[in-house]
There are 2 protein chains.
Amino acid sequence: MDVLTKKVLTGDIVSAAKLITRIENNKEDAVKIIKKIFPHTGKTYLIGVTGSPGAGKSTLVSELIGICREKELTVGVIAVDASSPFTGGAVLGDRIRMQKNEGDGVFVRSMATRGNLGGLSKATRDAVYVMDAMGLDVIIIETVGVGQVELEIARMAYTTIVVMAPGMGDSIQAMKAGIMEIGDIFVVNKADRDGVDETTKDINSMLRFASGKDAWRPEIFKTIATKSEGISKLIGGIKRHKEYLTTRGLLKKKAYDKEQLLSLVKDIVEARIFNNKNGEKYFDEYVQKIINREIDPYTASEIIFEKIDL
Amino acid sequence: MDVLTKKVLTGDIVSAAKLITRIENNKEDAVKIIKKIFPHTGKTYLIGVTGSPGAGKSTLVSELIGICREKELTVGVIAVDASSPFTGGAVLGDRIRMQKNEGDGVFVRSMATRGNLGGLSKATRDAVYVMDAMGLDVIIIETVGVGQVELEIARMAYTTIVVMAPGMGDSIQAMKAGIMEIGDIFVVNKADRDGVDETTKDINSMLRFASGKDAWRPEIFKTIATKSEGISKLIGGIKRHKEYLTTRGLLKKKAYDKEQLLSLVKDIVEARIFNNKNGEKYFDEYVQKIINREIDPYTASEIIFEKIDL
């Protein structure tokens, strides 16, 4: 086993950071290392924190870190920014704020889009494997923004917390595309502001339809993260959700599903098409033929599939 | 050539509606018909209209339809709702509003998520082929909501219009994940409301960084769609953008790109894995092995890829 892999398994932060950078840059050797560390994963508890900008996600994450540290649990934080390059500053600020916690038992890492959004989701998952293999007890994935990729990433977590602030009714509307379904726990943060009851009511009314028979009934908490208020009740909610998943044998299913494996198989297909010496040229020719209406897209895709260099 | 295909090619709305329903339900024969009609596509002009809820997209679309009809252009409208089932009412209301235009030369069709978001994007593209083959001069895709799938769909259009309303500063923030990049034209609708200049300024400041050398410089228009104000200036902007694409040979590239073809090839891979008699069982076994840490996901995906039933 190489030195980097060994060091990651002993929990070395510098080596883990290096490996995550290789993952972000899509280096081939990163996959080799993931293969080696994977048997050492599966012990961490994964919490997702998502919600609209300005809801106070980072302060809440800081509070969660604090409570974990009090209980001597080690914590990893992955702050994911899938937003456009224009607004890339957000995570950096968050990261600095959270680093006041860093050092003893806390490892904070931010990840941003590098051109391709699909890649971000995969890189985040691999970063989770790295932190899991390091032996961190809890991993918090904080996603900035509310797009489909953020939802996909937030969904990786065993317990997903959706954070809102009072008077953001518009945001609930804007976030309707999926966010109400992924929340196991809802937090109305900044609960000292006006409109906290309306926001709670709004969330409640959108949830009513979501409950199945033995389904988890999402819990709603009011917090003022800047004053550490409401955090221990929130922790109680997280524990109950973990208990719910564990007693029903759902935890392992949450940790790995079909979609993930299918997406890796599709990545191989893509690599095989374009790694072939003439693959790119050949592929482009078909795109051109489609543009010229010499062939239809479905027939073209069938031909390309049959010629994949196995 | 079968009757349905022939009728679609003559512009028959009932047959086209039937075919789009088959596409939505993912019927195999729909693909066969798309293959047949594809050579007859490529003549329409595709306009995307997207933006946050409440910005007045549907009224604006109605106005665009009106102007097209004055010029005796036939119009197809695809209203896409990728939002959660909870809020599925939105499109229906829009559809009814737009149908005041329907009949002579106008075909309105709404499409919603049926379980899988990836499928919505593909179905929308196929619906565009159908309307294109019908001989409609202009197709308008209206997307409700601001998630990643809506962005993906809005991006199909040759000219994409992002609609906002004054005082929705929060929404711009919430929509930052990609929406500023896809807009060729920005519309500040409800321009008789307070805050129109601030919103215009906000848009302008977010655009400044987006301009390349020979790049299209997005235009911003103020409209009051309910009073038909500002619409002809907006049409001028659409024409300039079309001219920009045409003179630079970019129109055909917009109409078909690599990503689309790659995604079809990946769909075939998925179908081959799961259409195989024991495919699903075999695949699930590997998911279970990963959960049990008996194999890592990357190695599992390589094995599955090699055994795809070609």
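Me: Is the crossing of H13(A) and H15(B) left-handed or right-handed?
Reply: This is a predicted model: local features need pLDDT of at least 70, side-chain atom pairs count only at pLDDT 80 or more, and totals for chains, interfaces and linings use all residues. Helices (H or I, at least four residues) and strands (E, at least two) are DSSP runs, numbered from the N terminus. A crossing is left-handed if the near helix is turned anticlockwise from the far one by less than a right angle, and right-handed if clockwise. For H13(A) and H15(B), the crossing is right-handed.

Me: How many nonpolar residues does the contact of H13(A) with H15(B) have?
Reply: Two residues are in contact if their C-beta atoms, placed from the backbone, lie within 7 Å. Among the residues that meet are A:Leu264 and A:Ile268 in H13(A), and B:Ile304 and B:Phe305 in H15(B). Ala, Val, Leu, Ile, Met, Phe, Trp, Tyr, Cys and Pro count as nonpolar, Asp, Glu, Lys and Arg as charged, and the others, Gly among them, as polar. The contact has 1 charged and 2 polar residues, and its nonpolar count is 9.

Me: Over which residues of chain A is the pLDDT below 50?
Reply: pLDDT is the predictor's confidence in each residue, from 0 to 100. Chain A averages 84, and 84% of its residues score at least 70. One stretch, with 22 contacts beyond near neighbours in sequence, falls below 50: residues 84–94. Where pLDDT is low, the predicted coordinates should not be read in detail.

Me: Which strands stand at the edges of the sheet in chain A?
Reply: Two strands pair if DSSP finds at least two bridges between them. In chain A, 7 strands form an open, parallel sheet in the order S3-S2-S4-S1-S5-S6-S7. Two of them have a single partner strand each, so one side of each is left without a neighbour in the sheet: S3 (106–112) and S7 (219–222).

Me: Which residue is the bridge partner of A:Ile47 in S5(A)?
Reply: Strands S1 (residues 45–51) and S5 (residues 159–164) of chain A run parallel and are joined by 5 bridges. The partner of A:Ile47 in S5(A) is A:Thr159.

Me: At what angle does helix H4 of chain A run to S4(A)?
Reply: H4 spans residues 57–70 of chain A. This helix lies across strands S1 to S6, and its angle to S4(A) is about 175°.

Me: In which loop of chain B is B:Arg293 found?
Reply: Residues are numbered from 1 along each chain as its sequence is written, while chains are lettered from A and ligands numbered from 1 in the order in which they are written. Phi of B:Arg293 is near 60°. With 13 C-beta neighbours inside 10 Å, B:Arg293 counts as partly exposed. Its loop is the one between helix H14 (279–291) and H15.

Methods: Axes fitted to C-alpha atoms, helices over the stretch in contact; angles between N-to-C directions. Buried ≥ 20, exposed ≤ 12 C-beta atoms within 10 Å, placed from the backbone.
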